[in-house]
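Dear colleague,

Please find below the sequence and structure that I am passing on to you. My notes on the structure come directly after them.

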Amino acid sequence: MAVAHVPLWAVCMLRVALATVYFQEEFLDGERWRNRWVQSTNDSQFGHFRLSSGKFYGHKEKDKGLQTTQNGRFYAISARFKPFSNKGKTLVIQYTVKHEQKMDCGGGYVKIFPADVDQKNLNGKSQYYIMFGPDICGFDIKKVHVILHFKNQYHSNKKSIRCKVDGFTHLYALILRPDLTYEVKIDGQSIESGNIEYDWNLTSLKKMEKSSVESKDWDQAEGDKSQDWEKHFLDASASKPSDWNSELEGDWQGPMLQKPPYQDGLKPEGIDKDVWLHQKMKNSYLTEYDLSEFENIGAIGLELWQVRSGTIFDNFLITDDEEYAENFGKATWGETKGPEREMDAIQAKEEVKKAREEDEQELLMGRFGGQENTFQRYHRRDEL
């Protein structure tokens with residue numbers, strides 16, 4: 001029986017058909033990007049972006065992206081797309097960032113906003129769903145932010161994820177899965193992964209949930225136990241411990257048995273209240289309020305500060321398909337990363353050669369100047 005061979009292009013087309021691409025931007029149509037991206041006018045001192053591939057690149061046109069242009073400025077720009085919910089779906093956020101200026105202090109991250117974000121007034125107080133990407137400042141801060149918004153609070157990943165600090169283009173990807181797992185990739189390699197329940201700072205969230213549970217569920221459990229449980233009875237098989245001291249510990253009372261067990265196998269009677277609350281929260285708070293689900297995603301933006309400008313942002317992608325994101329990364333950053341480094345190496349050699357030639361020229365000028373002075377002295381002597 002003959003086996004049909006499926007062409008590679010057909011497989012790629014099938015993958016595109018299966019994936020949902022919510023947003024994709026490569027800046028391949030010249031200045032028409034200005035029709036899609038909105039510069040915030042909230043502050044007249046906000047820095048401006050231009051389209052550039054930088055001083056060195058792998059491909060002059062394909063490597064063009066949004067570049068910061070003014071030192072010591074805040075920046076705020078965003079692009080809108082059709083709103084969607086990632087409930088029950090994987091969410092992949094991917095882009096490239098190039099700190100050509102060798103970043104000393106500033107952000108290189110992106111933010112994902114609700115669809116109702118005011119683009120013209122975008123600023124540091126604008127609510128966002130997700131903040132992801134590198135942040136560098138001095139020797140202390142060289143990290144990848146992964147911040148999620150929930151119930152009017154921002155929750156940071158408690159792990160220290162180191163970012164790239166050189167001047168080349170790097171591919172950053174964040175994957176949030178419906179099973180509450182996540183993954184951070186840089187240049188196609190997984191550098192951190194885990195579970196949102198354990199890797200995010202959820203102390204304030206747990207306190208909030210505990211307060212809610214305490215005010216509702218515990219009181220209800222106390223009120224319902226006479227209706228839902230059969231009466232309690234003494235455990236006839238139990239006996240007073242031999243070391244029981246009635247004077248210190250009071251009269252001994254046998255343990256009480258009860259049936260049926262409380263709902264979900266939890267019994268408020270006879271167990272510590274905090275233990276019961278912990279079990280109740282453990283079973284419900286992350287499933288009822290999923291930190292990785294956002295109902296109205298509708299915009300992506302750059303809202304950041306830079307001391308020294310020059311960063312280039314490119315190849316933005318938001319999708320529900322990890323494989324599509326991986327292939328997109330290979331087709332963009334993967335194709336130009338090598339030539340970019342080659343061009344940088346050639347430029348570095350040329351700069352070294354130029355500096356050497358300038359040094360030699362200065363040396364020759366110094367020697368020539370000395371010979372000229374000697375000639376002038378002999379000429380003056382002859383005149384005398």
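Predicted model: local features only at pLDDT ≥ 70, side-chain atom pairs only at ≥ 80, totals over all residues.

Two pairings of β17 may be of interest to you. With strand β5 (residues 73-84), β17 pairs in the antiparallel sense, over nine bridges. Within β17, Ala299 has Arg80 standing opposite. Strand β8 (residues 110-114) also runs antiparallel to β17, and four bridges join the two. Here Ile112 is found opposite Ile300 of β17.

Turning to the surface, there is a nonpolar patch formed by Phe74, Trp305 and Val307, and together these residues have about 260 Å² of accessible area. Phe74 belongs to strand β5, the strand that pairs with β17 over nine bridges. The relative accessibility of Phe74 is 43%, and this residue therefore counts as partly exposed, the class that lies between buried (under 20%) and exposed (over 50%).

A patch of negative charge is also present on the surface, where Glu357, Glu358, Asp359, Glu360 and Glu362 gather. Among them, Asp359 is located in helix α7, which spans residues 333-383. Asp359 counts as exposed because its relative accessibility is 52%, and the cut-off for that class is over 50%.

With kind regards

How values were computed: Residues numbered from 1 in each chain as written. Heavy atoms only, no water. Patch = residues over 30% accessible without salt bridge, like charges linked within 9 Å, V, L, I, M, F, W, Y side chains within 5 Å. Areas by Shrake-Rupley, 256 points an atom, 1.4 Å probe, with all protein chains shown as cover. Salt bridge = Lys/Arg side-chain N within 4 Å of Asp/Glu carboxyl O. Lys, Arg positive; Asp, Glu negative; His and termini not counted. Charge placed at Lys NZ, Arg CZ, Asp CG, Glu CD. Buried < 20%, exposed > 50% of the residue type's maximum accessible area, 1.4 Å probe, protein only. Pairing = 2+ DSSP bridges.
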